[in-house]
Amino acid sequence: MAAVATAAEISRQTLYRYYPDIDAVLVGIAELIASHDDHLESHVRTQPDPASRLEALVHTVAEASGHHHPEAAGVQAALPPAARDVLTQHEGCVTALLVEVLRDGIGQGVFRTDLEPANDAPLILGLASAADPTNPERAITLVRRIVDPEENPT
């Protein structure tokens, strides 16, 4: 807790006023991450077409995730169950949104017809979360190659 207080540039007393222990801090961070789900969904849904919705989603995930660290799975496993539950629910919301975008794009003939939205969405999100947050356009370009019927004829 001392290290957290120092990093946050607050006193330990202030930190303990809001969070009784490190587990509560970690749950709070997970809740902060998940609190943006409604905004993300709204932002994606307001885009005019499936390709734009996909770009908006990939761009946001790439910027938010930064570089995916190999230790991330170990860190997530070490989180308290309540924080893991919040992050799992968050990941489910983002995945479900991407599945919807992919299905819509396939239905409108914008994306490849051999895509499997439920199986491909986690792969696309993994690519986006591993992207350089300062260059989300690179992730968008790679995702376009995956979904574009012209790039990969069926």
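Predicted model: local features only at pLDDT ≥ 70, side-chain atom pairs only at ≥ 80, totals over all residues.
A polar contact is a pair of N or O atoms within 3.5 Å, and within protein one of them must be able to donate a hydrogen and the other to accept it.

Let me start with the chain as a whole. It has nine helices and zero strands. If you read along the sequence, the pattern is α-α-α-α-α-α-α-α-α. The C-alpha atoms fill a box of roughly 60 × 25 × 25 Å along the principal axes.

Next, the surface and the interior. The chain has 154 residues, and 31% of them count as buried. Its accessible surface is about 9,200 Å², with 55% of that belonging to carbon and sulfur atoms. Now the contacts: taking those between residues at least 6 apart in sequence, 61% join residues at least 24 apart.

On to charge. There are 10 positive and 23 negative side chains. How far apart do the centres of the two sets lie? The answer is 2 Å.

Is Arg 112 buried or exposed? Its relative accessibility is 16%. Buried means under 20%, so Arg 112 counts as buried.

Which side chain does the side chain of Arg 112 join in a polar contact of 2.5 Å? That of Asp 114. The cut-off I gave at the start was 3.5 Å, and this pair, at 2.5 Å, is listed as a polar contact.

That is all I have.

Notes: Residues numbered from 1 in each chain as written. Heavy atoms only, no water. Helix = DSSP H or I, 4+ residues; strand = E, 2+ residues; numbered from the N terminus. Buried < 20%, exposed > 50% of the residue type's maximum accessible area, 1.4 Å probe, protein only. Contact = heavy atoms within 4.5 Å. Areas by Shrake-Rupley, 256 points an atom, 1.4 Å probe, with all protein chains shown as cover. Lys, Arg positive; Asp, Glu negative; His and termini not counted. Charge placed at Lys NZ, Arg CZ, Asp CG, Glu CD.
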